[in-house]
Amino acid sequence: MSESAPTAARERHAELSRDIDEANYRYYVLDTPTLSDADYDRLMRDLQALEEQYPELVTPDSPTQRVGAPITTDFATVAHLERMQSLDNAMDEDELLAWGDRVEKGAGSVSGYLCELKIDGLAIALLYENGRLVRGVTRGDGRTGEDVTNNIRTIAAIPTRLEGRVGEGAEGGAGANTGVPELLEVRGEVYLPVEAFEQLNAGLVEGGREPFANPRNAAAGSLRQKDPRITARRPLSMIVHGFGTWRGGAQPRSQAEAYELMGGWGLPVSDRYQVVDDLAAVREYIAFYGEHRHTAFPADPVPGSAPRPLAYEIDGVVVKIDDLAVQRRLGSTSRAPRWAIAFKYPPEEVNTRLLDIKVGVGRTGRVTPYGVMAPIKVAGSTVERATLHNAGEVRRKGVLIGDMVVLRKAGDVIPEIVAPVAALRDGTEREFVMPTHCPECGTELAYQKEGDADIRCPNARSCPAQLRERIAFVAGRGALDIEVLGYVAATALTQPLEPADPPVKNEGDLFHLTVEQLLPIKSVVLDPDTGLPKIDPKTGEQKVVTFFANKTGEAKKTVDKLFEELEKAKRQPLWRVLVALSIRHVGPSAAQDLARELRSMDAIAGASVEELAAVDGVGPTIAASVLDWFTVDWHREIIEKWRAAGVRMADEGVAGPRPLEGVSVVITGSLDGYSRDSATEAVQNLGGKVSGSVSKKTGFVVAGENPGSKYDKAVKLGVPILDEEGLRVLLTEGPDAAKSVTVGVGE
């Protein structure tokens, strides 16, 4: 039994932890290390020895535990305290100026714009309670993300505890480190430094493994490792670019002041942001970093700094209204804040040879041509293929097979063939001819309806390509998230090999698989890019492998894991089940809206097109697509097979009664204690409906600061009006109690 740690040991442990955290911060964030490597190693060894002598001193946020945290086997889904939104884009100065006109009209006047670099990394949210890091979550779909806390703790730039005293206001007199909030949700970008990325890829190639395509992918792949020790070996870093919930402590009045406070607490804030007076200065900032995007230059705005390149890839500049009160007044749309915009730099362009044009068949039957090119590096990654969208696009661009073409990565992400270099043609080029029949099942291709740009294979039920793609999609992270069931496994399960039929003939079979069905499967190895069989160069025959059984005919370990993952998938929420059905136009956002409003598969299947279209976020196009999907008999068979297997077909939702069932609420103006999203979700979780317009059927209008015309219309129509405290009463005590605290009822 170990002896209890004396006071001196506890004080020494705290001192060592602070010194190591400070060294990490100065090394990874400030680029001004104060310790040599030898001195750093000595401090770490002293701390480890102290914890070995007194194990009670070992805590989750100790520097020694950043690598040795428990190894996770799965990533839990976690809801963000406030929704993480996207940003609207400006692709040129005209669009930037148009955004500036909109915000100035909405705000009345703008006292300053904050400009910061748009890092090409992985968005993350960190949650600190009383100054301690308790959770790290990926952005996910904006509402929920993956809990990667154990991996986040291995990133040296991210403090596990904030410096300063919790709850003390900025006027507390202890300088920049005072006023740590009781609850703080920090948003930022995790990235892999460019130099570290090159070293990582060199090591992967030397070890015979595939390198990452670009630093952003390397960062995402590193952060999502199941074993935090792997993440720890990759020098990820982070830059803070905002915050969500901020409760207690010092209260900033501007974005820049928030950054100063967070930097004082030890969070990794950029040294490259600037607050400027007008859009002319914004354009100067954008031009400067556009010019120096890949070159060494003095750190701006710090004068006299030595030239050094950016440590990370950027794809633009983010411009924000600096004043937080104006941000709240401007509010957000359903997807993006009105007070910020991302100015995207022009995509980088290169020339390369178009070797061929092939087609691929997607999960909805869409047949898409794509270019196969001589490999070339563009915007930091090597590109060999680029989509051509459809036959009309090929004709419109005027590209021929064999052309030298201009290739760019639109938004620095998606490879795109821009145009041919016609002057370099030598007469050997040839036109692309779109196939008339599906390359996999032989069905004649057709347009789904008149005027469509995309041609499709109508054999949705039996086309091997569509089934393979749908099964792989079912297992994707945006759907049922079945870890073992990747593209190769989906191919093995759906690929017919004589004389046996494949075990999965449609999605309904997925949850009824048996070990006996899996073991005999011999899978033709397909090229994931073309979907065509790979050929063994020695024999000239198709490559075939036994997929689920080992050489002795026994089940591989992946078989047990597959069944475990299938059992977990049965418990996924209703919206994920909806996404997994591959209903055209129904992505995660629409699926969440349908599930939140209708709450069961039976209710969705039985709803009329009018009832479906009335769901906020759905509309007539999605409604018609949902209705059409449920009219197909084999689609309904999938539902019944899944139901029989125990797949979740309804959401229980919030426990207890739904007191706002049938109550329509309009929210206008800015609220101090709620964002627009959090107020909306609070009403919806209790059964209420949040509308964007006021009518005689509106139950309540919640009016914050500067409510605008909706307030005036509520007064005119006689709709009860609530302030923020009235909203709290509505949520906690129900509509009858809320009526007694209205701040106004119209004429």
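**View 1. Buried residues of helix H13.** Ala489, Ala490, Thr491, Ala492, Leu493 and Thr494 of H13 are buried (under 20% relative accessible area; exposed is over 50%, partly exposed in between; 1.4 Å probe, protein chains only). Helices (H or I, at least four residues) and strands (E, at least two) are DSSP runs, numbered from the N terminus. The model is predicted: local features need pLDDT of at least 70, side-chain atom pairs count only at pLDDT 80 or more, and totals for chains, interfaces and linings use all residues. Residues are numbered from 1 along each chain as its sequence is written, and side-chain values use heavy atoms, without hydrogens and water.

**View 2. The ring pair Trp246 and Trp265.** The whole structure holds 10 aromatic pairs (rings of Phe, Tyr and Trp, the last by its six-membered ring, with centres within 6.5 Å; planes under 30 degrees apart are stacked, over 60 edge-to-face, the rest tilted). In this one, the centres lie 5.6 Å apart and the planes meet at 55°, so the pair is tilted. Trp246 belongs to strand S8 (residues 237-247), and Trp265 to the loop between helix H8 (255-264) and strand S9 (274-276). The pair links distant parts of the chain, 19 residues apart. Both Trp246 and Trp265 are buried. Ring pairs join Phe243, Trp246 and Trp265 into a cluster.

**View 3. The ring pair Tyr285 and Tyr289.** Ring centres are 4.8 Å apart with planes at 45°, so this pair is also tilted. Tyr285 and Tyr289 stand 4 residues apart in helix H9 (residues 279-291), separated by about one helical turn. Tyr285 and Tyr289 are buried.

**View 4. Arg363 over Phe473.** The charged end of Arg363 sits over the Phe473 ring, 3.6 Å from its centre (NZ of Lys or CZ of Arg within 6 Å of the ring centre and within 35 degrees of the ring normal).
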